[in-house]
Amino acid sequence: MSKFRKFAAPALAAALLASPALAEKLGLGRAALPEEVAAWDHDVRPDGLGLPEGSGDALTGEELFSENCAVCHGEFGEGVGRWPVLAGGFNTLNRADPVKTVGSYWPYASTVWDYVHRSMPFGNAQTLSNDEVYAIVAYILYSNDLIEDDFVLSKDTLAEVQMTNADGFIEDDRDTLELPAFIREPCMENCKESVEITAHATVLDVTPEDSGDPATEVAQAEPEAAPAEAPVAEAPAAEAAEPETAAADPAMLEAGAKVFKKCAACHKVGDGAKNATGPMLNGIVGRAAGSVEGFKYSNPMTGAADAGLIWTPETMAEFLANPKGYMKGTKMSFAGLKKQEEIDAVIAYLGTFGG
Amino acid sequence: MSETEEKTTSRRAFLGAGLAAGGAVATAGLARAQGAPDPLITEVQPWARELGAGVDATPYGLPIRFEADVVRRNVSWLTADPISSINFTPIHALDGTITPQGCAFERHHSGAIEVSKDDYRLMINGLVDQPLIFTYADLERFPRVTRTYFLECAANTGMEWAGSQLNGSQFTHGMIHNMEYTGVPLRTLLEEAGVKPEGKWIYVEGADASSNGRSIPLEKAMDDCLVAFKANGEALRMEHGYPVRLVVPGWEGNMWVKWLRRVEIGDQPWESREETSKYTDTLEDGTSRKFTWVMDAKSVITAPSPQMPITHGTGPLVITGLAWSGRGPITRVDVTVDGGKTWREARLAAPGQDKALTRFYLDHVWDGSEMLLQSRAMDATGYVQPTKDELRAFRGVNSIYHNNCIQTWWVRTSGEAENVEVS
């Protein structure tokens, strides 16, 4: 393969580096047990190798998708915010800003199965059963008009699905196409007659505000800006808040922080926390439900807020144990926390973030 | 927060002040030098009278507070969420070639995870004579090597395809770092398991929830890939895959799987999500290149640049930057101050190393006039970094990945710089 071309210079450099020369195996490690290989080797190939038993169709998948996926990807795979769009976008690949979806872009259905199975839902991966994965993938394919709603997806039928962009890929051809043009003698003088500026970044103005700003350096350059008696390091805000939380059991707070990882994909807390897929949760404990500014709540949540629901530790505990049971129609697609100690810990943890 | 931050005004406010602010700074420096004696010299300073911090004040040292702005930054509008996102190395403020781990960019697909050495397992399975499990302690007993390589995200400079977007080399070129890795050649581990003759590809995957997985030709795996556990002499940082990551020299960063947990040998590629729906380069006609692994030769001037304006006025000016190529060592870097009419060969800080960053310098005397600064890298294959228009002619503007075009900074008479494109 031309990609592995050896050139004189790297070859010489490599010769100067001593690499270990191994004559035989070292006998390190141990044999992998079949159960261990089965537990980790989940990958699936386009020819279907690796697909497990099980099946599902789009009708079954629709409800599962709504519960597990729609919060980010939208009820119809249209995408929420900047989360990936899964459906549509056909015939856009040769236009400005192509819409790359499973339907318009992905070349293999096996990849969808593999990815959903191993990595989704975001923040709660590897919790779906094989049947559920088949059903959700069937729904995604159905949303792209790739299969009918009664098509039963299984390891025997998945490879039959014809993907729209299956022939849309070529292997890297830079070596034959671009290298002949770019391997050349560079021009050093009189390379062009005139130079005009044709585009400015400031027109778009999308650079983040804090960009290591020259003004910072200017401030430091002035002696008054950094009096020598200034404390060596001032406590960051999070630490300053500590006394308030010291009363809570540190082990419980630590446990709560761990539990919160299940929530962090959608909810932000702490300094500068903003609304994301879910509302930011600073000051949530003791606050009126549905009251975070700028967040678009579901109708049931707005209704509960109007009825005066307050998020006390008790109401939060009920909600977190079974969100959809507590509030039918909530946008929060989370199955709930099964253990009471997890619920208590995460509420204690959230209590450390003031409004 | 620190005083520095309190004093910080927005960049735009500074730029708004424009020439006036830049001029004031230059004048202040000048006045001290030529006028009254410098009180920093004539008056005994507190640090010359009082005692400093004792040893162990910080058992693991961090940069002094004056360097608080030399940090990774993200561009929040790029991604839906910071857990599946990327930030940028502050290359504008660094020099030399080694990237300190603490400011080396991060890219996670499901967040950075904590895996201890004790909990670490590496599986090798598939088309091998004996599927094997290694612990971290096992890896430490294999003969190991130490090598320096750059890691560049395929999407570095990806926001610049359709036009100049971001003001700062950190944002345009900061999805890169360069570290000295210590680890075991992947070849050694594969040979320990015994690759069957029909094995042609490997599949590598991480232990995190994204289970980022990539197919790599066996030839590359047996050539120079490393299973690394140290970087720049110390353990990998969590955000870079502690305790073990894969090193795939010269190839796109996504393949350098972090928290590496499994290597499978197979006879064909797996076509995973990250090698089909992502990390594929869509061309103008709508077809897409896949398996575009090698990072083409590329360079950027890190200073002066939008985050590093010239504040010292006319006279001696160090123009510096970085160059790299996935095809071998950098052999030469040229710099132009007039937008590409005439070029001068820059001085390399050290001879180019295979698939590692090279630092270059051009010692210039600035006459205070506007400059259109560009750098142009050349690697051992004779590949010369192309202009943006040359790349667009081959790829259009929808490729997202693998944008290795020549970057232009427009330095104005005030010393401030802007990301622009030129004819």
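1. Basis of the model. This is a predicted model, in which local features need pLDDT of at least 70 and side-chain atom pairs count only at pLDDT 80 or more, while totals for chains, interfaces and linings use all residues. Residues are numbered from 1 along each chain as its sequence is written, chains are lettered from A and ligands numbered from 1 in the order in which they are written, and side-chain values use heavy atoms, with hydrogens and water left out.

2. Extent of the chain interface. Chain A brings 115 residues to the contact and chain B brings 133 residues. Contact here means heavy atoms within 4.5 Å. The size of an interface is often given as the accessible area lost when the parts come together. For chain A and chain B the buried area is about 10,800 Å², with 56% from carbon and sulfur atoms. Buried area is the accessible area (1.4 Å probe) that two parts lose on being put together, summed over both. On the chain A side, A:Leu28, A:Trp40 and A:Arg174 lose the most area to chain B; together they make up 7% of what that side buries.

3. A salt bridge needs a side-chain nitrogen of Lys or Arg within 4 Å of a carboxyl oxygen of Asp or Glu. A:Arg184 and B:Glu390 form a salt bridge through their side chains, at 2.7 Å from N to O.

4. Make-up of the chain A side. Helix H10 (residues 214-221) of chain A gives the most to the side touching chain B, with 8 residues. Helices (H or I, at least four residues) and strands (E, at least two) are DSSP runs, numbered from the N terminus. The chain A side divides into 63 nonpolar, 18 polar and 34 charged residues. Ala, Val, Leu, Ile, Met, Phe, Trp, Tyr, Cys and Pro count as nonpolar, Asp, Glu, Lys and Arg as charged, and the others, Gly among them, as polar.

5. Strand pairing between chains. Strand S5 (residues 197-200) of chain A runs antiparallel to strand S24 (residues 417-422) of chain B, joined by 3 bridges. Strands pair if DSSP finds at least two bridges between them. A:Ala199 has B:Glu421 as its bridge partner.

6. Domains of chain A. Chain A is divided into domain 1 (43-160) and domain 2 (245-350). The bounds come from an automatic or database domain assignment. Their centres, taken over C-alpha atoms, are 29 Å apart. Domain 1 gives 7 residues to the contact and domain 2 gives 6 residues. The two domains bury about 620 Å², 61% of it on carbon and sulfur atoms. A:Glu67, A:Val71 and A:Gly123 supply 60% of the area that domain 1 buries there. The count between the domains is 0 salt bridges and 0 residue pairs in polar contact, counted with both at pLDDT 80 or more.

7. Strands within chain B. Strand S4 (residues 121-126) and strand S5 (residues 132-135) of chain B pair antiparallel over 4 bridges. B:Met123 is bridged to B:Ile133. A hairpin of 5 residues joins S4(B) to S5(B). S4(B) also pairs with strand S13 (residues 260-266) of chain B, in the parallel sense over 4 bridges.

Note on methods:
Polar contact = N/O pair within 3.5 Å; in protein donor to acceptor, adjacent residues only side chain to side chain.
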